[in-house]
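User: I would like to learn how to read aromatic ring pairs in a model. Please take me through a case.

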Amino acid sequence: MKRILLAALLALPLLGGCTKKTNEIVIGEYDSLTGSDATFGLSTNKGVRLAFDEINAAGGIKGKKLALITLDDQGKNEEAASATTRLITQNNVTAIIGGVASGRSKAAAPIAQSHKVPFVSPASTNPDVTKIGDYVFRVCFIDPFQGFVMAKFANETLKMKKVAVLRDVKNDYSVGLADVFVAEFKKRGGEIVADLSYQAGDIDFKAQLTQIRSKNPEGIYVPGYYTEVGLIAQQARQLGLKVPLMGGDGWDSDKLSEIGKEAINGSYYSNHYTVESTDPAVTEFIKKFKTKYNETPDALAALGYDAARILAAALERAPEINGKAIRDELAKTKDFVGVTGKISLNENRDAVKSAVVVQVEGNNRKYITTVTP
Ligand code: PHE
C-alpha cells in the first residue's frame with residue numbers, strides 16, 4: 001500500500017495540470033496584445049509562434065517541445081512588470097521573450113535580471129534596456145544608430161538644412177531617439193528649428209504643428225508610435241504642412257496608413273528589414289508567414305521570429321537547461337542568419353546590424369536604402 005502511494009506521488013509531476021511537464025521547455029512572452037500599439041505585440045507573437053512551431057515540428061530542443069505562455073501587457077509599463085513576475089514565479093518559465101516597447105522592457109527586465117531568468121527583447125532599441133544587467137539581451141540595433149541613420153538620410157539624401165522635431169515625452173524610446181537625431185543633425189550643420197512634444201494618447205496636435213509651420217522646416221522628425229504618428233500626419237496636412245515626416249521603427253504597422261491615410265504617404269522611416277529583400281532568409285520567411293497567417297509580416301513579426309530562433313539555438317547549445325547556462329550561450333550568439341540580418345551580439349548584449357530606410361506608399365513600404373553601422 002505504502003509503495004503504491006509513493007509511486008503515485010512520484011508520478012504526479014508528470015501528470016501536467018499546473019505542475020511543469022518534464023517533456024517541455026516553457027518560455028514566457030509578454031507584449032501589447034491590446035491597446036494603442038497592439039500590432040506590436042500581435043505581430044511579435046505571430047513571429048515567435050511560427051518559429052516555435054517549426055522547431056517543434058523538427059523534434060524540439062534536446063527532445064523536448066517548446067511551450068509558449070503569452071501574457072498581454074495592454075501597452076502599460078506596470079502590466080509588463082507584473083506579467084514578468086507572473087511568468088517567473090507562477091509559470092516557472094525558463095526564459096522570457098520580452099516585449100517591444102523600450103519603456104516596458106525597462107520596467108520588466110529588472111525582474112528577470114533579479115531572478116536570473118534570461119530575457120531577450122526582440123525590438124526594444126533604447127540603449128538603457130540591456131544596461132539593466134547580464135541576463136538582458138536584444139536582437140535589434142539600438143537608437144544611437146537608428147537616430148544617426150535618419151539624421152544622415154535627412155542631411156545627405158534629402159538635403160535638408162532645417163528640420164523640426166516632435167517627440168512623445170512620456171516614451172523613453174521617443175525621447176532617446178529624438179535626442180540622438182538632434183545631436184547628429186546639428187553635427188552635420190543642420191538646424192533644429194523647433195523641438196516640441198506630445199504625449200501618447202493625445203489626439204490634437206494642431207498647436208504644436210501650427211508652431212512648427214511658422215518655422216518653415218523642410219521636414220519633421222516624429223519618432224513616436226504609429227497611432228499618434230498617423231494622426232500627426234493627418235493634422236499636418238490639414239494645416240498645409242506639406243514637407244515629409246520622418247521617423248523610426250515605431251511607425252511600423254499596417255495601422256499607420258489606416259490612421260494616416262494619404263497624409264502619411266511619401267514620408268520616411270528607419271526599420272529593421274524590408275519585404276523587398278531578395279535574401280533567401282527573408283523570402284522563405286515571408287512565404288511561410290503568409291501561408292500560416294495570410295498576411296505580410298512586418299518588422300516585429302520578423303524580429304519575434306529571430307528572437308525565438310536565437311533563444312532556441314542557445315537552449316540547444318547549453319549543456320544544461322538553466323538560467324546561467326542559457327545566458328552564457330546567448331552571449332556567444334555570433335553570425336546567426338536571421339530574417340533581419342546577420343546577428344552577432346556584442347559585449348553589451350546588443351545586436352550590431354544594418355538598418356533600412358523605407359518610404360510609406362499606402363500599405364507598401366518602398367525600400368530606399370540600407371545603412372550599415
Ligand atoms: N524600437 C521600439 C522601442 O524600443 C519598438 C519597435 C520596434 C516598434 C520595431 C516597432 C518596430 O520602443
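User: Is Y293 buried or exposed in this predicted model?

Analyst: Y293 is buried, because its relative accessible area is 15% and the cut-off for buried is under 20%. F289 is buried as well, at a relative accessible area of 1%.

User: How is a pair of aromatic rings described?

Analyst: Two values are used, the distance of the centres and the angle of the planes. For F289 and Y293 the centres are 4.7 Å apart and the planes stand at 50 degrees, so this pair is tilted.

User: Where in the chain are F289 and Y293?

Analyst: Both belong to helix α11 (residues 280-293). They are four residues apart, which means a separation of about one helical turn.

User: What sits over the ring of Y293?

Analyst: The charged end of K46 does, 5.9 Å from the ring centre.

User: How many aromatic pairs does the count give?

Analyst: The count is 14 aromatic pairs. One of them joins Y173 and Y225, a stacked pair with 5.4 Å centre to centre and 20 degrees between the planes.

User: Which parts of the chain does the pair of Y173 and Y225 link?

Analyst: Distant ones: Y173 is in helix α7 (residues 172-187), while Y225 is in the loop between β8 (219-221) and α9 (226-238). The two residues are 52 residues apart. Both Y173 and Y225 are buried.

Definitions and conventions
Residues are numbered from 1 along each chain as its sequence is written. This is a predicted model: local features need pLDDT of at least 70, side-chain atom pairs count only at pLDDT 80 or more; totals for chains, interfaces and linings use all residues. Side-chain values use heavy atoms; hydrogens and water are left out. Rings of Phe, Tyr and Trp (its six-membered ring) pair if their centres lie within 6.5 Å; planes under 30 degrees apart count as stacked, over 60 as edge-to-face and the rest as tilted. Buried means under 20% relative accessible area, exposed over 50%, partly exposed in between (1.4 Å probe, protein chains only). A charge sits over a ring if NZ of Lys or CZ of Arg is within 6 Å of the ring centre and within 35 degrees of the ring normal.
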